[in-house]
Amino acid sequence: MQRFTDERSDDTLDELWVVEHDPVFTLGQAGKPEHVLAPGDIPVVQVDRGGQVTYHGPGQIVVYPLLRLPRLGIGVRDYVCRIEQAIIDTLGEWNIGAERRDGAPGVYVGGAKVAALGIRVRRGCTFHGLAFNVAMDLEPFHRINPCGYEGLRVTTMVDLGGPSGLAAVTPVLLDQLARQFGLLLQPTPDLPDLSA
């Protein structure tokens, strides 16, 4: 992401990277280590996004929008709101009512966080992104103060009556992101194996 962002020109096409991570805690650039309570066997990785600590793991859709905001004609605040709206609209496809919260980026259902945002913008270009809990083990969230909030409840789509697999949710989320940003999605086959 960093290399793509640093090397892109005004003409570089925007990209959405969609991944499912192995278990990992990530601590944002201003993240306080005391919010990592008991990581155990899960690695903690310092990253250069905004925000505090979160957990990524199987059953969670992670999307990294690599967008050029000036080309889209929007600022950072609008960018965050559009990502949140795409997630809210995705949940709405399964009749799950969700909302955003002032001063606490992300998407919430009944006071529990179902999606987190951690972004970075450099020279008008975005990287890092969103983590959307679809059907994952929530136990690791008990080892941290999610997003720096002690006692913050976290939930998943499947616990809210949604589907139990990423395959059903991912295309809906990508379509909603494309709609929010006016993008025409073109899948890229033969992506490199980044597991190493």
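I began with a definition: the expected span of a helix is 1.5 Å times one less than its number of residues. Helices (H or I, at least four residues) and strands (E, at least two) are DSSP runs, numbered from the N terminus.

This is a predicted model, where local features need pLDDT of at least 70, side-chain atom pairs count only at pLDDT 80 or more, and totals for chains, interfaces and linings use all residues. Residues are numbered from 1 along each chain as its sequence is written, and side-chain values use heavy atoms, leaving out hydrogens and water.

**Helix α3.** I checked its span. Helix α3 (residues 76–92) has 17 residues, so it should span 24 Å; its end C-alpha atoms are 24 Å apart, which agrees. Next I looked up burial (buried is under 20% relative accessible area, exposed over 50%, partly exposed in between; 1.4 Å probe, protein chains only). The buried residues of α3 include Y79, V80 and I83.

**Aromatic pairs.** I found four aromatic pairs in the structure. Rings of Phe, Tyr and Trp (its six-membered ring) pair if their centres lie within 6.5 Å; planes under 30 degrees apart are stacked, over 60 edge-to-face, the rest tilted. F25 and Y55 make a tilted pair, 5.5 Å centre to centre with 55° between the planes. F25 is in strand β2 (residues 24–27) and Y55 in strand β4 (residues 53–56), so the pair ties together parts 30 residues apart in sequence. F25 counts as buried because its relative accessibility is 0%. Y55 is buried too, at 5%. I noted that F25, Y55 and F141 form one aromatic cluster.
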